[in-house]
Amino acid sequence: AITIEHLLSIKLYTSFDNLSYAFSTTFRKENDKETDEHLKKRNSQYWNWSKLLRETVECFGTKIDESAISIFYHGCSYLIFPLFIARVCVPTSTTPQIEVASIFSSGDGIILELTKYGFRSDVKYFNCAWLSCYGNEDERFFFGGHKPLQINSIRLVKNNENYFWFVKAMTFLNKAMDGKIFTQKEKSLISKRDYSILDKLMANEINDGLYGTSKFPIYVTQSFHSFCNFKKRIKIELEAMKNDYSNLSNYFMKKKSMDGAVSCDYIKSLFHACQYIFIFKHKGAQEITLNQNILKSMLSQIIKINQQKNKIQLKLIKICHVSYGQRLIETFEAKFKKHGWCMTVVYAKRKRKSVTPYRNLQFVRQ
């Protein structure tokens, strides 16, 4: 059962503003020069309080799946988010009342609209309204970060703008670039509007960068630019790319009929910080059959990637579970090496020893 100590931990957080502010600052660095060790040392001063708050939420809170509340609002200062999946690792106050959230995001602030991530979620929150001195705020408290929340929309208070459609489109692109397989319900929610938004955002990012000619709000172009500079790993699931979100394949695949011919040069030109690209198929033991055309396409892309002026270089391209002729590999090894890349075959480890290990083809920058 919940103890008086747990209730007091909530009471202290919700009713004593200066104390809760001092506590919250120990979860983020004071400046870029602060080390992780120093941050942990500051946070350790509140160890017992942190433990009690975390236990209160995780052990005695309400599952978001079992809640009548579907949207939680959080007002904060002007922030740019590279992703719209939030792990609430710091103490976070929310409210189901957007009017309350607007009080905490006055001026140049924003309002985050948080919902559960996916169709099922084990995320918990604690209803603080009956304990807080500010009962009118109808506060719901999140703390833990074990499971993520979805940022469903962002509202810019100053301009009274709601960026729901932009957040939805960018979330869709992020899932596609993580190689996610969409459910039938998720597929049905993808619209022409999503593709139209992404077409313009990607064109603006590649051609003009952050301050291009896009007619979109600056917050949107800043967010997309931050997203493109954040992604270090790109995963392309071939069947999903060709069938589930085929409009994207016009950008991210050379030819739909050419299995494994992913547009790595386009990926690197869009995602400036990308260091690793993985190409694979989810379904069973389905192999990607390599041929001369695929390796020729990859070689021409390697040459283009070498010519790109990126501060962060692409290190690895891996095509998983491949079949090929040995003579084909021998023919192209020297050609890739000439341009500073090593083409090697690596056998993947399998959990069961009785299962034959499958082969991955790697292109590694030397």
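In which sense do strand 10 and strand 11 pair, and over how many bridges? I looked this up in a predicted model. Strand 11 covers residues 276–280, and the pairing with strand 10 is parallel, over five bridges. I also checked one position across the pair: Ile234 stands opposite Ile277 in strand 11.

I found an open sheet of five strands, in the order 10-11-13-16-15, with mixed pairing. Strand 10 (233–237) and strand 15 (341–347) are the edge strands, each pairing on one side only. I noted the twist too: from one strand to the next, the average is 15°.

**The helix on the sheet**

Which strands does helix 13 touch? I traced this helix over residues 292–307 and found it packed on the sheet. Its contacts are with strand 13 (316–319), strand 15 and strand 16 (359–365). I took the angle as well: the direction of helix 13 makes about 25° with that of strand 16.

**Cysteines**

How many disulfides does the structure hold? I found zero. I then looked at two cysteines in turn.

Cys59 is in no disulfide. The nearest cysteine sulfur belongs to Cys128 and is 15 Å away. Is Cys59 buried or exposed? Cys59 is exposed, because its relative accessible area is 52% and the cut-off for exposed is over 50%.

Cys342 is in no disulfide either. Here the nearest cysteine sulfur is that of Cys264, 16 Å away.

Methods: Residues are numbered from 1 along each chain as its sequence is written. This is a predicted model: local features need pLDDT of at least 70, side-chain atom pairs count only at pLDDT 80 or more; totals for chains, interfaces and linings use all residues. Side-chain values use heavy atoms; hydrogens and water are left out. Two strands pair if DSSP finds at least two bridges between them. Helices (H or I, at least four residues) and strands (E, at least two) are DSSP runs, numbered from the N terminus. Axes are lines fitted to C-alpha atoms, for helices over the stretch in contact, and angles run from 0 to 180 degrees between N-to-C directions. Contact means heavy atoms within 4.5 Å. A disulfide is a pair of cysteine sulfur atoms within 2.5 Å. Buried means under 20% relative accessible area, exposed over 50%, partly exposed in between (1.4 Å probe, protein chains only).
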